[in-house]
Structures are given as C-alpha cells and as structure tokens.
Amino acid sequence: MTERPAVGVLRSGAHGQSTDALTQQLRERLPDCEVVRAATPSAERELLSDTSVVVGHWFREALLDHAEGLRLFACAAAGVGHLPLEELQARGVAVTNASGVHGPPIAEQVIGNILVFVRNLHIGWERGRKGEWRHYQGFQKELGDSTVTVVGLGAIGQAIVERLEPFGPHTIGVRYTPSKGGSTDEVVGFTETDFHDALARTDYLVLACPLTETTRGLVDRAAFETLPPKSVIVNIGRGPTVDTDALTNAVQRNAIRGAALDVTDPEPLPADHDLWAFPNVHITPHNAGYTPNYYARVADIVARNVDHVVETGEYSGLKNQVV
C-alpha cells in the first residue's frame, strides 16, 4: 500500500460550473485524502509544486515548470487535444480523461434532436410563435421505420445507440475497426465504399466521433451527394467533421431535410452566417455535454484511480488513461 496522495483541483471550470463543486465531490469520495482547490494563478503554481494528483479542465504550458511533484493529471474533459501531452509524458506524468462522463446528456440531446425532425416539432413551434393554429404533419416515417447511422462507437456513441434501441430503428455503426463489432445492427468502416453505402441508406446521420485525420471533413460535398434528400444530420462530435460550406449548400438546395448542430466550424459560428437563418437548422452552443451530474462522474473516475495508485503504487493501468 502507498500513502494516500494529496489531490489538487485547478480553478477553471466548464459548463457554467465552478470547480468548487468538483472539489466537494472529491472530498466526499476521498475522505482520507487532502483535497485542495487553487483559486488563483499563484495558488495553482504553489499547488503543483508538491501535489502528485491534479484535476482540471486545462493544463497550460506555463504551469509545466512548476509541476515538480506531479504524477497524474486527471483531465476533467473527454478531449485532451488541448493539453501539452508530449511535455507531460516527457516528465513522466500520467494523463487520464473524462471519457464516458458526457454519454448520458449528449445521448439525450441527440434523441431529442432526432425526435424534433421525426415529428416536425420545429414547424409547430414556428407556427406557435406566430399564433397560428394550423395543422402540420410529422415526417413520412416513424423513427422505428428509419435508419440511423452513428459515426463513432465510443462511450458517447454507445450511449446514443442504447437510447435508440427502444424506438426500434435500424442502426449502422461506423468505426475504425469494424471487426470489433458493436451494439448496432451493422458495423462498417471508414472506407469510401462502406461509408457511402451507409450514407445512401441513412435517414439520420449522427456524428459522435473525435476529430482525426480520417474524420476531418468526413461529411463533405461528396457525402451530401450520397445522402438522401430526406436525411438529417446531427453533429455532437467536432465541428470540422462537417464541411460547413458543403452543409450550407446542401441545406440551400434542399439536398437534406435539416441539421442539428451542437458543434460548428468555425466555433463560435459568426452571427451573420447563413446557417443561422434556416428554420430547419438547429444550433446550440457546444453545450450538449452539460449535466448536473458532470462533476460527480468526474470525481468517480478520479477516486477510482487514486485508490488504484494507493493499492498498487503505480501510475499505470488507470481508468481512462491516455498517457
């Protein structure tokens, strides 16, 4: 058994929540550890000098020279592309992320967006704002008779598929290694043949993948030419996965039925961009991951890893370890 480490929390929060709440959640799960939140830049520098486990959304390069005692940085976000990973690795610092924390709220938002288009609720809302009592119909297919393609079968993609199951649509999963399978009815890869075959059969295209060389610009002009005009795109992954100009063009010429975007490229989307003006394009400001349970789930991951360190004395084999 290793002595229980002190745990530090950096000051910058997310989703409108202070890391004070994260600190409290950690104290409840780690009653035998000293858990300290740094409220100022100088306090962060001091904290890093003698704290082995630090939790935060960001780790700015300016802090590296102060991280003398750091052994584990527990990122409170799922994505870690904004972190100086190579420098942390070179200093022997393990890094974990918060993968899985966002699954339930993002999946709920995806289902909500799909149901809006299944029932054409946006048409009803618009007529309601105008005080019009005028009949309209839902889409020509119920969700159970539709095909939903989910690109990315990580924690978020799996959460989406689980919540789709009771509605009964045919599901296609797209992942790098189709041989791994998945909970969708079909699993295909990113080859042009497989991907476009899936697009051609898609009613709702859900993008839940990270941004990589493969996924950047994945949904381009060619993809919009393959997608049926009845299709709807839901992007809760990363904005650059979709070619914004191609998307705008597709909406303008009715090449797709609509889009729900929690992420855009660029981000924020300029106020004068054409996409804001389309009634069948619904844009939210990258907040699908918000949940009141966010910091409780982050704290669960950190507490599990602290227990692992105490039991094994090792900063390897950690849950959600990326470095």
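Mentor: P266 lies in the loop between strand 11 (258–261) and strand 12 (281–283). Helices here are DSSP runs of H or I with at least four residues, strands are runs of E with at least two, and both are numbered from the N terminus. This is a predicted model: local features need pLDDT of at least 70, side-chain atom pairs count only at pLDDT 80 or more, and totals for chains, interfaces and linings use all residues. Residues are numbered from 1 along each chain as its sequence is written, and side-chain values use heavy atoms, with hydrogens and water left out.

Trainee: What is the peptide bond from D265 to P266 like, cis or trans?

Mentor: The bond from D265 to P266 is cis, with omega near 5°.

Trainee: And what joins E267 and P268?

Mentor: A cis peptide bond, with omega about 5°. P268 also sits in the loop between strand 11 and strand 12.

Trainee: Which residue other than glycine has a positive phi near 55°?

Mentor: H286 has one. H286 is in the loop between strand 12 and helix 10. H15 is another case: not a glycine, yet its phi is positive, about 55°. H15 is in the loop between strand 1 (7–9) and helix 1.

Trainee: How accessible is H15?

Mentor: H15 is partly exposed because its relative accessible area is 29%. Buried means under 20%, exposed over 50%, and partly exposed in between, with a 1.4 Å probe and protein chains only. H286 is partly exposed as well, at 33%.

Trainee: New topic. How many salt bridges does the structure hold?

Mentor: It holds 13. A salt bridge here is a side-chain nitrogen of Lys or Arg within 4 Å of a carboxyl oxygen of Asp or Glu.

Trainee: Show me one. What does R29 meet in a salt bridge?

Mentor: The side chain of D300, at 2.6 Å, N to O. This pair links distant parts of the chain: R29 is in helix 1 and D300 in helix 10 (residues 294–312), 271 residues apart.

Trainee: Why is R29 called partly exposed?

Mentor: Its relative accessible area is 28%, so R29 gets that label. D300 is partly exposed too, at 42%.

Trainee: What else comes close to D300 in space?

Mentor: L26 does: its C-alpha is 8.0 Å from that of D300, although they are 274 residues apart in sequence. L26 belongs to helix 1 (residues 19–29).

Trainee: Is L26 buried or exposed?

Mentor: Buried, because its relative accessible area is 0%.

Trainee: Which residues are linked in a network of salt bridges?

Mentor: E126, R129 and K130. K130 and E126 pair at 3.7 Å, N to O. K130 counts as exposed because it has 54% relative accessibility. E126 is partly exposed at 30%.

Trainee: On to surface charge. Which residues form the negative surface patch?

Mentor: E34, E46, D50 and E68 form one. Patch residues have over 30% relative accessible area and no salt bridge, and like charges are joined within 9 Å. Asp and Glu count as negative. Each charge is placed at CG of Asp or CD of Glu.

Trainee: Where is E46?

Mentor: In helix 2 (residues 41–49). At 59% relative accessibility, E46 is exposed.

Trainee: Now G237. Where does it sit?

Mentor: In the loop between strand 10 (232–235) and helix 9 (244–252). G237 is buried, with a relative accessible area of 7%. Its C-alpha is separated by 8.8 Å from that of V206, 31 residues apart along the chain.

Trainee: Last one. What does UniProt list for residues 112–288?

Mentor: An unreviewed entry lists "domain: D-isomer specific 2-hydroxyacid dehydrogenase NAD-binding" there. UniProt positions are in the numbering used here, feature names are shortened, and annotations may be inferred rather than shown by experiment. Over residues 112–288 the chain is 29% helix and 16% strand, with the end C-alpha atoms 11 Å apart.

Note on methods
Patches are made of residues with over 30% relative accessible area and no salt bridge: like charges are joined within 9 Å, nonpolar side chains (Val, Leu, Ile, Met, Phe, Trp, Tyr) within 5 Å. Accessible areas come from the Shrake-Rupley method with a 1.4 Å probe; for residues, only the protein chains shown count as cover.
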